[in-house]
Amino acid sequence: GSHLAAPSAATSIPPITKIASNSNGPRVVGKVVIVTGANSILGIGRASAHQFAQNGARAVYICDYDDSNLAEHKREINAAWPGVDVHVRKFDAAAEEAVKAVVDDALARYGRLDVFFANAGIIGPLSKFTDVDADDFMEAFRVNTLGVFLAAKYAAPAMQKTSPEKPESSGSIIATASVAGLRSNAGPTPYSASKAAVISLAQTMAYQLVGTAIRVNVLCPGMIETGMTSPVFEAARARGTQGKIGQLNPLRRSGHADEIARVALFLGSDESSYVNGQAWAVDGGLSVGHPFVP
Ligand code: NAD
């Protein structure tokens, strides 16, 4: 099957596009946070690591199987917010030992884990389902779905060991699905199905964590220009049709990684202490329906 190619490595790392936000927003003071899929320069993971670091996290683990930019991301975060421990981990989000090792490291160093943002994902094959290879189908489920399962499998027990002095802040597991997992009308089949499974997983896990104060929620981004989608944006720019990408969105634009990261921050913070088992579309209203164009 065909995959969207990763963008070529940039020579200098561009700043994250930020939309003005209220500086008195959610805080994650003292929290230990793991973010997967954090290598991509334009990605949701990197933008989220910035949000957690900027808003008081004690430590942020930035994890990715591609570690080509992670050291640079660490330098950047250290320079902007000194005092936050940044740990770089090259790992496969769907490899059980690797996921366990990063959780164990957080417990060993800090005695706590507060937030696991299972954000790593791949788009997988884009072809019509009749042309999708079984191996490519399974790879989408391995990274997108098994990756979330493993994150929660090891994060939840670690979060339960985290000091229970303030039960409302015991732990937050966040997974990135997609609007394609909510409504699969246009997404590639393995991608959409693997993301729908993430939503189901998160809801069943939230339920099974009854009696703990651990919350599990899902982010469902709409069309965001990141490493995953940049080929689409670049092709549209080359054709001069980039304006069309946001046209069917009620906000008439696509989104920025930072706009997903700020919701991840909220879900990781105690501000969302009563939000549990939810799949949140953060898509400018795209999933509600197309705007009426007379
Ligand atoms: P991205 O490609 O820029 O970032 C994804 C990151 O995940 C990359 O750094 C990649 O190296 C990493 N990754 C992939 N497989 C991995 C693995 N097995 N182990 C560890 N890391 C791995 O794309 P993004 O848009 O920032 O993607 C983040 C999440 O958002 C993904 O789960 C994606 O499916 C989801 N999402 C994105 C959009 C969008 O429009 N960009 C929309 C809906 C959902």
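Guide: The shell around the ligand is made up of 12 nonpolar, 13 polar and three charged residues. Here Ala, Val, Leu, Ile, Met, Phe, Trp, Tyr, Cys and Pro count as nonpolar, Asp, Glu, Lys and Arg as charged, and the others, Gly among them, as polar. Of the 28 residues around the ligand, those that come nearest are Gly37, Ser40, Gly43, Gly121 and Gly227; being near takes a C-beta atom, placed from the backbone, within 6 Å of the molecule.

Two notes before we go on. Residues are numbered from 1 along each chain as its sequence is written. This is a predicted model, in which local features need pLDDT of at least 70 and side-chain atom pairs count only at pLDDT 80 or more, while totals for chains, interfaces and linings use all residues.

Now to the sheet. The chain has seven strands and eight helices, taken as DSSP runs (E, at least two residues, for strands; H or I, at least four, for helices) and numbered from the N terminus. The seven strands form an open sheet with parallel pairing, in the order β3-β2-β1-β4-β5-β6-β7; two strands pair if DSSP finds at least two bridges between them. Strands β3 (85–90) and β7 (279–282) each have a single partner, so one side of each has no neighbour in the sheet. From one strand to the next, the twist averages 15 degrees, with axes fitted as lines to C-alpha atoms (for helices, over the stretch in contact) and angles running from 0 to 180 degrees between N-to-C directions.

Let's step across the strands. β1 (residues 32–36) runs parallel to β4 (residues 115–118), and three bridges join them. Val33 stands opposite Val115 in β4, and Val115 has Ser172 in β5 as a bridge partner. β4 and β5 pair over four bridges, in the parallel sense.

Next comes helix α1 (residues 44–54). Helix α1 packs on the sheet, touching β1, β2 (59–64), β4, β5 (171–176) and β6 (214–221), and its direction makes about 170 degrees with that of β1; contact means C-beta atoms, placed from the backbone, within 7 Å. In α1, 10 of the 11 residues are buried, so this helix too is largely enclosed by the rest of the structure. Among them are Ile44, Arg46, His50 and Phe52.

Finally, the largest nonpolar core holds 85 residues, and Val33, Ile34, Val60 and Ala155 have the most contacts inside it. Such a core is a set of buried Ala, Val, Leu, Ile, Met, Phe, Trp, Tyr and Cys residues joined through C-beta atoms within 7 Å. Helix α4 (residues 134–161) gives the most to this core, with 12 residues. Beyond its neighbours within four places in sequence, Ile34 is in contact with residues including Tyr61, Val102, Val115 and Phe117.

Notes. Two residues are in contact if their C-beta atoms, placed from the backbone, lie within 7 Å. A residue is buried if 20 or more other C-beta atoms lie within 10 Å of its own, exposed if 12 or fewer, and partly exposed in between; C-beta atoms are placed from the backbone.
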